Amino acid sequence: MAMTTRRTTVLAAALAALLGATSALAQAPDWKKVRIAVEGAYPPFSEVGTDGKIKGFDIDIAMALCAEMKAECTLVQQEWDGMIPALQARKFDAIIASMAITEERKKSVAFTDKYYNTPAWLIGKAGTSPDQSPAAWKGKKIGVQRTTTHDRYVTQTYKDSEIVRYAKQDEVFLDLAAGRIDAALCDSVAADLGFLKKPAGKGFAPIGAPIDDPAIFGVGSGIALRKADAALLQKFNAAIAAIRANGSYKKIQDKYFTFDVYGK
């Protein structure tokens, strides 16, 4: 009787394990449908067009990756400040919003390989001294989009300047054009195409050399995902490699830029 009881217990345990594994497989997403967070306020990477639709480099890259993965993707517009908390709250599955891959963010999310990498620019009135030293900017107002790597850089570097933080990058540009701040620190492409080449940017220019500090700005922009979603990360990485190889990436890049935005 003891042997029978022991055998029954072992069989029951094995059956429970099998049912548990089957249940886990049933619950695991196949990633045929993916919800992607985008911002919509960071031209030319992401902005809302006059027709009310979101467009830009990030958006086109997202759609190309989804096509490569044969996934049905839904774009979810999300303000920058709440990107990572909303990802963790499962409001969407991935973030494609020019998010820099940094060691600090890696503590909270997983990143794919980069899909572009550009340096930062300090921009202000044309003719301003190229001196970027903290002493040269003591007491002056520097605008930046808050909770970004650019925010972190100016906070650590320009301790004697007045740092003015904004929810959106276009708000930084508006105040720079209006003279309410003396300079702005942002991505070089966003500065060039999102401001300097527009009417509002007339009379403004980069101040000094491009700024590229990997310790703060990371190694490029990647797609952020929950750490548990390793299968989705692998799909995105494979798709990034595929569109780089098949020419889709270059076609999208050339639509927006006259140079290699992917970087080294």
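This is a short chat about a predicted model of a protein chain.

Student: How many helices and strands are there in the protein chain?
Tutor: The chain has ten helices and 13 strands.

Student: What is the strand order in the open sheet of five strands?
Tutor: The order is 5-1-6-13-7, and the pairing is mixed. Strand 5 (72-77) and strand 7 (110-111) are the edge strands, each pairing on one side only.

Student: How many bridges join strand 1 to strand 5?
Tutor: Six, and the two strands run parallel. Strand 1 covers residues 33-38. Within that pair, Arg35 stands opposite Thr74 of strand 5.

Student: Which strands does helix 2 touch?
Tutor: Helix 2 (residues 57-69) packs on the sheet and touches strand 1, strand 5, strand 6 (94-100) and strand 13 (221-225). The direction of helix 2 makes about 135° with that of strand 6.

Student: Switching to helix 6 and helix 7. At what angle do the axes cross?
Tutor: Roughly 60°, with the axes of helix 6 (residues 169-178) and helix 7 (residues 188-196) coming within 11 Å. That angle makes helix 6 oblique to helix 7.

Student: Is that crossing of helix 6 and helix 7 left-handed or right-handed?
Tutor: Right-handed.

Student: Which residues make the contact?
Tutor: Helix 6 contributes Phe173, Leu176 and Ala177. From helix 7 come Ala190, Ala191, Gly194 and Phe195.

Student: Now the whole chain. What percentage of the residues is buried?
Tutor: Of the 264 residues, 47% are buried. The chain exposes about 13500 Å², and carbon and sulfur atoms supply 56% of that area.

Student: And what share of the contacts with a separation of 6 or more comes from residues 24 or more positions apart?
Tutor: Such residues account for 70% of those contacts.

Notes
Residues numbered from 1 in each chain as written. Predicted model: local features only at pLDDT ≥ 70, side-chain atom pairs only at ≥ 80, totals over all residues. Heavy atoms only, no water. Pairing = 2+ DSSP bridges. Helix = DSSP H or I, 4+ residues; strand = E, 2+ residues; numbered from the N terminus. Contact = heavy atoms within 4.5 Å. Axes fitted to C-alpha atoms, helices over the stretch in contact; angles between N-to-C directions. Buried < 20%, exposed > 50% of the residue type's maximum accessible area, 1.4 Å probe, protein only. Areas by Shrake-Rupley, 256 points an atom, 1.4 Å probe, with all protein chains shown as cover. Parallel < 35°, antiparallel > 145°, perpendicular 65-115°, else oblique. Left-handed = near helix turned anticlockwise from the far one by under 90°.
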